Amino acid sequence: MLNIQHLKPAVLALTIGLGLAAQGGMAEAAPKEELIVAGGCFWCVESDFESVPGVIEAVSGYTGGDVKNPTYKQIGKGGTGHYEAVSITFDPAKVSRDQLLNMFFRSVDPTDASGQFCDRGASYRTAVFVSNPAEKAAAEKAKKEAQSALGQKVVTPILDAKTFYEAEKYHQDYYKGSKIVITRFGPLKQAKAYKKYRDACGRDQRVKALWGDAAPFAK
């Protein structure tokens, strides 16, 4: 066993420094957590949650169905069983699962079972995906609180998690992209095209009408 009493001061300082550095590394490597939700257009959900302090990243993708490695085109046609979803990685020391779930329910229209805003169809429905009993309990609690606060039936299901497939690269961070894309508004940078889409789709207007000042992201 190392006896620090017999170490020279310089060696002792180095030993202590290395120990502190190791502890710091352990602190930085604290466990991260994941929350997977479906809230209509995944560009919008990704944009909303990447603005939350404590969220490390939000990734657009597909989940809930049985088709392996689905494409955006397949999802759009329907029949895959998949939702447009977002995997939110967060630091639980900075933001809790309960807080994120509370924000999620108040950032969508959880009374709509047929899609979200201007996006209709099964792939645009809302859902919360859970991997264990604790996650399920947290989601059920948040859903119950949302229903009570809203005074309307919340139809967002809580589903067992399935494989999450990352969406194509061009979908990631679409809301802040600089690539020129062709839209119904003409050629635009992705960031501007996203804003025009979100405004035209009425997402923020509907959320604000439902939730008022409790809506965390509606402009």
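Strand β2, which spans residues 55–63, pairs with β8 in the antiparallel sense over two bridges, where two strands count as paired if DSSP finds at least two bridges between them. Helices (H or I, at least four residues) and strands (E, at least two) are DSSP runs, numbered from the N terminus. This is a predicted model, in which local features need pLDDT of at least 70 and side-chain atom pairs count only at pLDDT 80 or more, while totals for chains, interfaces and linings use all residues. Residues are numbered from 1 along each chain as its sequence is written, and side-chain values use heavy atoms, with hydrogens and water left out.

**The sheet**

- Six strands make up an open sheet with mixed pairing, in the order β7-β6-β1-β3-β2-β8; its edge strands, each pairing on one side only, are β7 (158–160) and β8 (165–166).
- Strands of a sheet pair through backbone hydrogen bonds, either parallel or antiparallel.
- On β3, β2 finds an antiparallel partner over eight bridges, and one of the residue pairs here is Ser 60 with Val 86.
- Seven of the nine residues of β2 are buried, so this strand is largely enclosed by the rest of the structure; buried means under 20% relative accessible area, exposed means over 50%, and partly exposed lies in between (1.4 Å probe, protein chains only).

**The helices**

- Helix α2, covering residues 42–49, lies across β1 (33–39), β2 and β3 (83–90), and runs at about 165° to β2; axes are lines fitted to C-alpha atoms, for helices over the stretch in contact (heavy atoms within 4.5 Å), and angles run from 0 to 180 degrees between N-to-C directions.
- This helix is mostly covered, with eight of its eight residues buried, namely Phe 42, Trp 43, Cys 44, Val 45, Glu 46, Ser 47, Asp 48 and Phe 49.
- In helix α4 (residues 97–105), the buried residues include Arg 97, Leu 100, Leu 101, Phe 104 and Phe 105; because they cover an arc of only 130° around the axis, they lie on the same side of α4, the arc being that of the directions from the helix axis to the C-beta atoms.
- An α-helix has 3.6 residues a turn, so residues three or four places apart point the same way.

**The cysteines**

- The structure holds one disulfide, a term that denotes a pair of cysteine sulfur atoms within 2.5 Å, and this disulfide joins Cys 118 to Cys 201 with an S to S distance of 1.9 Å.
- Cys 118 lies in the loop between β4 (115–116) and β5 (119–120), and Cys 201 in helix α6 (residues 190–201), so the pair ties together parts that are 83 residues apart in sequence.
- The torsion about the S-S bond of Cys 118 and Cys 201 is about -105°, so the disulfide is left-handed.
- Cys 118 is partly exposed, at 42% relative accessible area, whereas Cys 201 counts as buried, at 9% relative accessibility.
- The sulfur of Cys 41 is 3.7 Å from the closest cysteine sulfur, that of Cys 44, which is too far for a bond, and Cys 44 is in no disulfide.
- Cys 41 counts as buried at 6% relative accessibility, and Cys 44 counts as buried at 1%.
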